[in-house]
Amino acid sequence: MKGDWRVRLAAGLALMLALSALLEFRQWRKASAANADVAELLVGHDIAPERLAVASPQVLLARAVYFVRHERYGDALELLNLLEAQGDAAFCADVYYNQGNLQLTQALDRVEKAEIDQARVFAEMAKEAYRRALLLVPGHWDAKYNLEAAMRLMPEMDRVSHAEDEPPETESKRLWTGLPGFPRGLP
Amino acid sequence: MLPVSRHSIFLLLGLWYGLAPASELPPGVKAFSFDTPRNFGYVIGDLIRHEVRVEAGVGQEIDAASLPKEGWINRWLMLRRAEVRSEGKRQVLTLEYQTFYSPLEVKNLAIPGFELKLAGSDGHLAVPAWTFTTAPIRELSVLRAEGQPPMRPDAVPAPVPAFGPAAASAGFGLAALGALAWWAYLGPWLPFGMRGRYFAEACRELRGLRGQEDTQEALHRGFACLHQAFNRTLGEPLFIEGLDEFFLGRPAYDALRNEIQDFFRASYEVFFGEGAPVPPFDLARMEALARSCLLAERRRP
């Protein structure tokens with residue numbers, strides 16, 4: 001019958017468009033729910049377990065921030081390790097950056113308690129995490145700032161001096177034969 | 001600091017290094033240049049991009065084995081990318097470094113030079129070491145006790161874009177409504193649609209007459225309402241003489257030509273002749289014609 005193809009076209013179009021509208025609507029609902037969850041976590045309330053089951057990486061990152069703020073460092077680290085290599089480069093860089101912050105915070109704690117060896121371990125891990133963030137996003141200013149802080153905390157052993165990039169030679173370490181000012185014995 | 005764009009390399013701060021006189025170049029090499037960005041103002045994590053341009057003879061390509069290896073060059077310098085591409089007659093080697101040095105004060109650093117080999121030639125092209133200055137971005141003290149917070153706070157996730165899906169959903173929804181309306185208008189299953197309304201009215205009126213006998217009065221009313229529909233479709237009164245022109249302008253009704261002609265002939269007999277329709281045209285036939293006209297009107301191209 002004449003005009004039949006137009007009826008089919010109209011029907012197909014109506015169905016397809018309605019389906020697209022529905023999908024976009026779901027997407028929107030999910031995005032708003034995720035944003036609400038993130039806001040909830042950032043003001044300091046944990047979210048309900050059933051929301052956690054469907055949480056997006058963004059929500060989980062916010063939850064890691066929430067853990068850190070409540071000094072649940074173990075939970076935070078576990079979550080951040082889980083989030084590695086998810087999402088785009090910017091998101092990954094943020095995950096690495098937060099890992100670095102977690103380690104640096106603990107390094108600072110240790111330094112204040114004068115536990116230098118442990119502080120050194122945490123600072124090394126923090127530096128590694130910040131470097132990974134900066135390799136992904138070279139313009140990550142917070143990572144630059146905190147990497148510098150981590151490096152100040154535990155000065156790099158090999159200071160670049162006079163364009164010498166090779167590891168320092170062993171002879172130079174023997175410059176001091178003993179600790180200066182150390183009593184050498186009784187007269 | 002963000003990577004320095006090529007624009008600034010070439011136009012604003014470009015420094016052309018190593019423009020060796022032709023006499024010092026290995027045989028076959030016509031031109032060689034080492035193109036570098038500004039050599040000051042770098043901070044930890046910055047990108048530095050160097051370009052080496054070589055114009056050499058046919059077959060003298062840059063030997064990939066002589067390129068510096070991608071990865072950590074020393075403890076603070078990373079070579080992210082070393083790529084050769086062709087640009088007309090020239091070969092362009094792009095080197096993208098990233099510095100991770102954390103200076104206590106403004107400090108000179110150097111990216112080491114290297115020697116570039118060309119395939120099928122013994123000569124070397126020396127890419128010189130490049131010195132730049134780097135500066136700290138924060139005060140020296142790190143500990144909390146000394147005032148400033150020691151570190152930048154955690155990164156919080158960027159909000160998930162919600163406006164896009166909302167707008168798209170509304171747009172698709174409206175478009176779907178439009179398509180639905182079109183569908184309803186094309187299909188004969190809904191009583192609306194601008195083009196169907198004249199015969200739809202006639203249909204309704206004839207349906208109202210359905211229960212009655214084919215009396216003179218009922219026939220008169222039936223013929224009158226169908227005539228009315230034809231007149232309104234044409235926009236002026238339609239008589240039997242005007243039918244050919246009517247069909248010419250409205251090919252959708254062409255399939256109903258015989259039936260419509262019969263209707264007009266019968267109508268003439270009823271109103272101006274003996275009073276009985278010839279050829280016989282009762283109310284049921286009239287209703288069938290009205291329905292066919294209704295469909296023709298809706299599907300008219």
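Between chain A and chain B, 18 residue pairs are in polar contact, both residues of each pair being at pLDDT 80 or more. The elements that each give two or more residues to the chain A side of this contact are helices H1 (4-42), H3 (57-69), H5 (89-112), H6 (116-136) and H7 (141-153). H1(A) gives the most, with 20 residues. The chain A side divides into 35 nonpolar, 9 polar and 15 charged residues. The model is predicted.

In total, 59 residues of chain A and 61 residues of chain B take part in the contact. The size of an interface is often given as the accessible area lost when the parts come together. Here the two chains bury about 5,500 Å² between them. Carbon and sulfur atoms account for 66% of that area. The count of salt bridges between chain A and chain B is 2. One of them joins the side chains of A:Lys144 and B:Asp46, at 2.4 Å from N to O.

Within chain B, strand E6 (residues 90-99) has 9 of its 10 residues buried, so the strand is largely enclosed by the rest of the structure. E6(B) pairs with two strands, E3(B) and E5(B). Strand E3 (residues 47-56) runs antiparallel to E6(B), over 9 bridges. In this pairing, B:Leu47 has B:Gln98 as its bridge partner. Strand E5 (residues 77-87) is also antiparallel to E6(B), over 10 bridges. There, B:Leu77 is partnered by B:Thr99. E5(B) and E6(B) form a hairpin with 2 residues between them. In the turn, B:Gly88 has a positive phi of about 65°.

Conventions: Residues are numbered from 1 along each chain as its sequence is written. Chains are lettered from A and ligands numbered from 1 in the order in which they are written. This is a predicted model: local features need pLDDT of at least 70, side-chain atom pairs count only at pLDDT 80 or more; totals for chains, interfaces and linings use all residues. Side-chain values use heavy atoms; hydrogens and water are left out. Contact means heavy atoms within 4.5 Å. Buried area is the accessible area (1.4 Å probe) that two parts lose on being put together, summed over both. A salt bridge is a side-chain nitrogen of Lys or Arg within 4 Å of a carboxyl oxygen of Asp or Glu. A polar contact is a pair of N or O atoms within 3.5 Å; within protein, one must be able to donate a hydrogen and the other to accept it, and residues adjacent in sequence count only if both atoms are side-chain atoms. Helices (H or I, at least four residues) and strands (E, at least two) are DSSP runs, numbered from the N terminus. Ala, Val, Leu, Ile, Met, Phe, Trp, Tyr, Cys and Pro count as nonpolar, Asp, Glu, Lys and Arg as charged, and the others, Gly among them, as polar. Buried means under 20% relative accessible area, exposed over 50%, partly exposed in between (1.4 Å probe, protein chains only). Two strands pair if DSSP finds at least two bridges between them.
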